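Colleague: I have a new model open and would like to learn how to read it. Could you take me through some of its features?

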Amino acid sequence: MFLLQVVVVLLVVLAAVAALVLQGRHASTEEARNRSVAVAGAFAESPGVREALRAPDPTAVLQPRAEAARKATGVDFVVVMGTDGIRYTHPRPDRIGKKFVGTLGPALAGRTVTEEIDGTLGPLVQAVVPVKAADGTVVGLVSAGITTENVGGAADRQLPLVLVAAALALALATAGTALVSRRLRRQTHGLGPDEMTRMYEHHDAVLHAVREGVLIVGGEGTLLLANDEAHRLLDLPADAEGRRVGDLGLPAAVAGLLASGRRATDEVHLVKDRLLAVNQRSTDIRDGPPGTVATLRDTTELRALSGRADTARERLDLLYAAGVGIGTSLDVTRTAEELAELAVPRFADFVTVDLFDAVLAGGQPEAVTPLRRTALRGVRDGSPLYPVGRQIRFVDTSPQARSLESGRPVLEPELARAPHWQAQDAERSAQVVAYGIHSLITVPLRAGALVLGVVSFWRAERPEPFDTDELALAEELVTRAAVSIDNARRYTREHGLAVTLQRSLLPRTLPEQNAVDIASRYLPAQAGVGGDWFDVLPLSGARVALVVGDVVGHGLHAAATMGRLRTAVHNFAALDLAPDELLTLLDELVGRIDQDQAAEGGGAPVTGATCLYAIYDPVGRSCVLARAGHPPPALVHPDGRVEFPDVPAGPPLGLGGLPFETAELELAEGSRLVLYTDGLVEDREHDIDTGLAELRTALAGTGPSPEETCEKVLDARLPARPVDDIALLVARTRALGPDRVAEWRVPADPAAVGEVRAGVTRRLAEWGLEELVFTTELILSELVTNAIRYGAEPIRVRVLRDRSLICEVSDGTSTSPHLRYAAMTDEGGRGLFLVAQLAERWGTRYTRDGKVIWAQQPIP
């Protein structure tokens, strides 16, 4: 009310002031207009004005007269101007000669003009009057005006009186309103009608609608107010208000709390069958009346729901942890151990995992076979449960056997009263119960239709037995673990197949030969078997072929591809081909393999296959090499110096279209040729240049033994967790000295055959091989005769004493003889047949200058 009265008075005063101001302003403006017109008109009609306007210098005549008239009449300016609006007079001399500000059109037409403008002196009211000649023409203009700040009247004089009256009215209204408000405030404690209404509504809601008990207790322990919910929760009598809280039949703890007046926050008290959370605060804060207000909340159902929610959350956390923590490796045993480690102690006190032996080996489980304890985990050591590694055959009545047979979990809440479980092993069962284990859940490990084993959860620390909810949780937990165990089983099976395949494809033993001393290593990647391989192939003429290859990738496909390439190299090497020719044929083979796989719509192309092929000849100590996308070999000289020979790098196998080039090296006896795959010099952190530099350093510090070289290189370069296969082949060269080699140049004359036989006989006698003289003479006679008859010069004969006696006849043609059966009437055709019968092996190899036919005999 007070604010309303103040607003009404202010509105009345403002309206009066506004009306007074507007009326005064209007009267002042009219007075200014009339005065301006009168002054301007009088000056325009004054004598001498017209003549002065025609004078050469109107300003000199009119300026003093205009200033005198301005001062005499009280206007702010009197301006005389020409018809062009240029001022001749002005109170401010600097404005003379400048354009007049205002409307001149009507005045030039002979009419008087009045207007309100913002002129050079500020906002003003001005009048413009024409100066007319005798004939009525306008010869000049006169303007007089008064600025707004000088326009005043009665309003300015009356305004203070109006404001004083308004202030007195406002003061009287304020005093009256204050008296009324003070009396109302005493009666309502400062509350207005709306607040009083809201307070009543809130009071009613607290008493009847709030679902939380409210008690107000006075300073002497008297119950002043209790709402409906408090009556229900405490079972108060209907006349409880006004009585002392100690007389209401409440539990002593609750009555003592309410009477004490102390502060309480969520104190839980048992009232009959309810758990009540009590909060109590004092009411004498901020000068309030003495006493307390207490609230009561029934937490019985809330605590039950909270317990169930915590249990559900713990179980969800357990299942989430199972999804993350079980199956981190593809190892069956480790996965079973992860299941046991996760469940103890979060779900059970002891966990055992029993799997079929076939599952551990990656095979299909068979129900008729016993199980093997694979994992055991417990909160304490020394439990009487079967240890890890123990083979177990469960009796048909045991919970484990029933789980395996039905494929469903089995709950044994009290083991002490479970005769079927005790039938497994009466003595051990008694020990288990005495140890404190009292409840059991068994769950079969099922992956689809396969049952891999059984998991047993044992309880010992908590006194309550397992229940049906925990049975469902155990089943869900084991179901998730079964997927990981089955994946590990499948991986174990596939890995075993790949390892078996690879071991069958890699050389188990290296062949015996005298050209080089050999040491080799093969290390599979962490992910499993791959496509790296090596081989040592004895060739004719005491030579040896060294080969290292790499098929990118891992698994069965890489191992199978490696086996096909290795077999192809064996076959091509049997043809005694040069390294570049062999790689060309191998490249075509890989291209055909890719085409076949593309046509079948399955399998991956053999991309990334590389190979290095070298042939070492101990007679001339020469080594011819060619590579197809493979890292270069390393050469360790007898003095320990290490270099990487410049062998032209051909494209990887399968690309086709580009030739392969060879490099020929002359190796000193005792040199070590090191062949390897890229897994030795490349990894994810270093490029091949860094790897080659580190390999050079490792080789520089090794001894002459190939075995020692392999060990030192792998110690220096083998990563802790290799991501790629590594194949390493170290060959230390030997030389076949002149004392083991005999050579003759044979002229194209049949009579020279006898001289060759005589020379060979003498050399065999020197070597102590008289037993081979007869067969050697026959072999050389046939081969030399064929060379003289069908070949071309130069014809040479070479005999080598190695692990076997090797006879070689070379000529300048590339035509190769072939073995056939001669008819009874044929005069020839039996020579090669005879050689094949007398020699252990024989064959033909081609050179740049022709061919070599060789025959090999064992030395007794």
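Modeller: Helix α20 (residues 752-766) and helix α21 (residues 773-790) have axes that come within 10 Å and cross at roughly 145°. This is a predicted model, where local features need pLDDT of at least 70 and side-chain atom pairs count only at pLDDT 80 or more, while totals for chains, interfaces and linings use all residues. Residues are numbered from 1 along each chain as its sequence is written, and side-chain values use heavy atoms, with hydrogens and water left out.

Colleague: How are two packed helices described?

Modeller: By the angle between their axes and the distance between the axes. Axes are lines fitted to C-alpha atoms, for helices over the stretch in contact, and angles run from 0 to 180 degrees between N-to-C directions. Helices (H or I, at least four residues) and strands (E, at least two) are DSSP runs, numbered from the N terminus.

Colleague: Which residues in α20 meet α21?

Modeller: They are V753, V756, R757, V760, T761 and L764, with contact meaning heavy atoms within 4.5 Å. Among their partners in α21 are V773, L780 and I788.

Colleague: How do strands of a sheet pair?

Modeller: They pair through backbone hydrogen bonds, either parallel or antiparallel. Here, four strands form an open sheet in the order β1-β4-β3-β2, with antiparallel pairing; two strands pair if DSSP finds at least two bridges between them.

Colleague: Why is one side of β1 and of β2 left without a neighbour in the sheet?

Modeller: β1 (77-81) and β2 (113-119) stand at the edges and each has a single partner strand, so one side of each lacks a neighbour in the sheet. β1 pairs with strand β4 (residues 138-147) over five bridges, and F77 stands opposite G145 in β4.

Colleague: What shows where empty space is left?

Modeller: Rolling a probe the size of a water molecule over the atoms does. On a 1 Å grid over the protein atoms alone, a cavity is a set of points where a 1.4 Å probe fits but cannot get out, and a pocket is an open set with protein on both sides within 12 Å along at least five of seven lines; lining residues have an atom within 4 Å of a point. Grid points are joined across faces, edges and corners, and volume is the space filled by probe spheres set on them.

Colleague: How much space lies in the largest pocket?

Modeller: About 1,100 Å³. Of the 33 residues lining this pocket, R543, R845, Y846, T847 and R848 are the closest to its centre. β29 supplies the largest share of the lining, four residues.
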